[in-house]
Amino acid sequence: MKYFTILLLLSAILIGCKNKDNNSSLSPVTNDTQTTVTIVKESKEKIPDNAATVETKSTHGLILTSNALQVVNKNTGSTSEIPFGKPLDQMIEVVNNVLQSKPKSMGVNSECGAGPLNMATWNNGLTIVFVKKESKSKTAETEWYFAGWFLSGNIANIPKIATMAGISIGSTRAEMESAYVIKVSKTSLGHEFSTSSGLFGIFDGPDKQAKITNLWSGVSCNFR
């Protein structure tokens, strides 16, 4: 009887040890699962190298203003001014980055009343005007400086640029007069208007619903 009792106790001990071994064998599976989850999380957080650049460019826009242009952050509303006098190569780079496109045309017009002018035009109807000044540098690009801008009709489906008050090509005389104090006169160009700050343009008629066909500031190449 004693031998039988001892055998039962030994069997119980052996069974308990076996169960303990089985339970411990599950631990590596649990650890492997946790490791897999960690790896997946790390891969999801990885951001493409060019994503931040694209997002940064798309958050900025261009604003028309008298004797300058402004770059505006669409998210914060903060602006930075690009005054007249900026070198051509730097100016082209800034506008390209903001508009996310290159000029559709660029060249020198030697027949302007203000003298030879270098002009760069984008698809949205914006033309940047540069004048040539004496420079110690022999690099042609650095001899031209930002001296004016001109806005005309743009291609359909291309986002317009406007003044801070929302005035752009197609705005009416009534809208212009609600935002600015203007002077209107009939010239060989049409119904020409101007502000005391240096903003100029043309209406397609004399009444309040007449629309703006051209806007400019600074040096221009208009023939009167």
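**Close-up 1. Phe84 and its ring partner Phe146 in the predicted model.** Phe84 counts as partly exposed, at 26% relative accessibility. The structure holds four aromatic pairs. Phe146 is buried, with a relative accessible area of 2%.

**Close-up 2. The stacked rings of Phe200 and Trp216.** The ring centres of Phe200 and Trp216 are 6.1 Å apart, and the planes make an angle of 15 degrees. Phe200 lies in strand 11 (residues 200-203) and Trp216 in strand 12, so the pair ties together parts that are 16 residues apart in sequence. Phe200 is partly exposed at 28% relative accessibility, whereas Trp216 is buried with a relative accessible area of 2%. Ring pairs join Phe200 and Trp216 with Phe150 in a cluster.

Close-up 3. A polar atom of the Ser217 side chain lies 2.8 Å from the backbone nitrogen of Asn67. The backbone oxygen of Gly198 likewise lies 2.8 Å from a polar atom of that side chain of Ser217. Not counting residues up to four places away in sequence, Ser217 touches residues including Thr65, Ser66, Phe84 and Trp149.

**Close-up 4. Lys133 over the ring of Tyr145.** The charged end of Lys133 is 5.8 Å from the centre of the Tyr145 ring.

Terms used
Residues numbered from 1 in each chain as written. Predicted model: local features only at pLDDT ≥ 70, side-chain atom pairs only at ≥ 80, totals over all residues. Heavy atoms only, no water. Polar contact = N/O pair within 3.5 Å; in protein donor to acceptor, adjacent residues only side chain to side chain. Contact = heavy atoms within 4.5 Å. Phe/Tyr/Trp six-rings, centres within 6.5 Å; stacked < 30°, edge-to-face > 60°. Buried < 20%, exposed > 50% of the residue type's maximum accessible area, 1.4 Å probe, protein only. Helix = DSSP H or I, 4+ residues; strand = E, 2+ residues; numbered from the N terminus. Lys NZ or Arg CZ within 6 Å of the ring centre and 35° of its normal.
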